[in-house]
Structures are given as C-alpha cells and as structure tokens.
Amino acid sequence: MNIIMGLGNPGQQYKNTRHNVGFMAIDKFAEKNNFPEFKLNKKNNALISENDGIILVKPRTFMNESGKAVSKITKPYTLKPKPLLVIIHDDIDLPVGKIKIVKDRGSAGHKGVESIIQNIGNKNLIRIRIGIAGIKKTEAIDIVLKNFNSEEKELINEAIEKTTEAVNILISEGLEKAMNEYNK
C-alpha cells in the first residue's frame, strides 16, 4: 500500500494559491495515472481516490492541522510493513518551480509539516517539497495565500509535472532513484 498526500487548504478561495500546490500535484498525478474521481471520506476528513494499491489523499483540514488527517489515514496501517507515505507540499524556502525530495527531515517552519510530525513523527516520512518563493525574509502569510503570476504559473506547472514523474519513480523504483533524478 502506498499513501500519497498533497497538502493544501480546502475551499474555492484557496484553490490556486501557493499553499495549494500539494493539491495541484495530487490532482495531476491522479489525472495522469487514471485514478477515479476523488470522493469525500468523512471518517478521515479527506478527499480520497484509490487505484492499484495507491491511496491519494487531499485532507479537508486546513494546512496547519494536516497531521490530524495523516494520523487518521495511516492508523489502519500501523502493522509492518508500513505503507510508503509521501507528503507533497509547498516550500517557501525553495525558488518557484524547484522540487526537492527529502526523508526524515524537520519541518523547517512549515506548519502543515509540523502538524504531521507532531501527530505521526518523521521517521520514514518522505516529502516532496515544491518551491513557491525562495524568499526567506518575508512573512510566510504574505506569500503562501497569494496566486502565482503568469511566469510563475509556467514554472509551477513544470514542477507539478516533475512531481508526478517523481512519485511514479518513488513507487516503482524507490527513494534513492527518485532523489538522484530530481534533487539536482
């Protein structure tokens, strides 16, 4: 079993904001890999689509409470072997459009990732970080809830395509291969 979760905020007003690139990437992955339509799973408070041993998840919690959804989704899989769990999220420290795959790392101040680590820890936690700014001296709130300009949209669309490819490699060929290919 593989669980791939994109982080974002629910609601139409957040749909195209920088904070929602995790949702955008999950949607693209679902589209490219012929997943069924996402359906609301009330028990887990998430939109879920399943296909061929892969569960795609878009939490219906706000970003800062993402750990609650991750905890609920992963709870049935506490026995060994644990499923591959991949979290896809925005990263303000990376330039727009850059992706980076990490494992067992801290949150670097990302509130959604902090929530996940508080709820399930970060051992074996694989994350795909999608750059949305590359600016460190700005209040995050001033960046994450804004839309991308047209030039940035092009870069983000490319990053989402790369993320989709990276997830496929992660699943089929493993973490090391995906990191070697996409952490350039």
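## A strand between two partners

Strands β1 (residues 2-6) and β4 run parallel and are joined by four bridges. Strands here are DSSP runs (E, at least two residues), numbered from the N terminus, and two strands pair if DSSP finds at least two bridges between them. This is a predicted model, in which local features need pLDDT of at least 70, side-chain atom pairs count only at pLDDT 80 or more, and totals for chains, interfaces and linings use all residues. Residues are numbered from 1 along each chain as its sequence is written, and side-chain values use heavy atoms, leaving out hydrogens and water.

On its β3 side (residues 46-51), β4 runs antiparallel, with six bridges. Two residues lie between the strands of this hairpin, where D52 takes a positive phi near 55 degrees.

| Residue | Partner in β4 |
|---|---|
| I4 | L56 |

Why is β4 largely enclosed by the rest of the structure? Six of the six residues of β4 (residues 54-59) are buried, meaning under 20% relative accessible area with a 1.4 Å probe, protein chains only. In a regular strand, side chains alternate between the two faces of the sheet. From β4, I54, L56 and K58 point one way, while I55, V57 and P59 point the other way.

## A buried histidine

H89 sits in strand β5 (residues 84-91) and is buried, with a relative accessible area of 1%. Its contacts (heavy atoms within 4.5 Å), not counting residues up to four places away in sequence, include L7, V21, H110 and I130.

Conventions:
Buried < 20%, exposed > 50% of the residue type's maximum accessible area, 1.4 Å probe, protein only.
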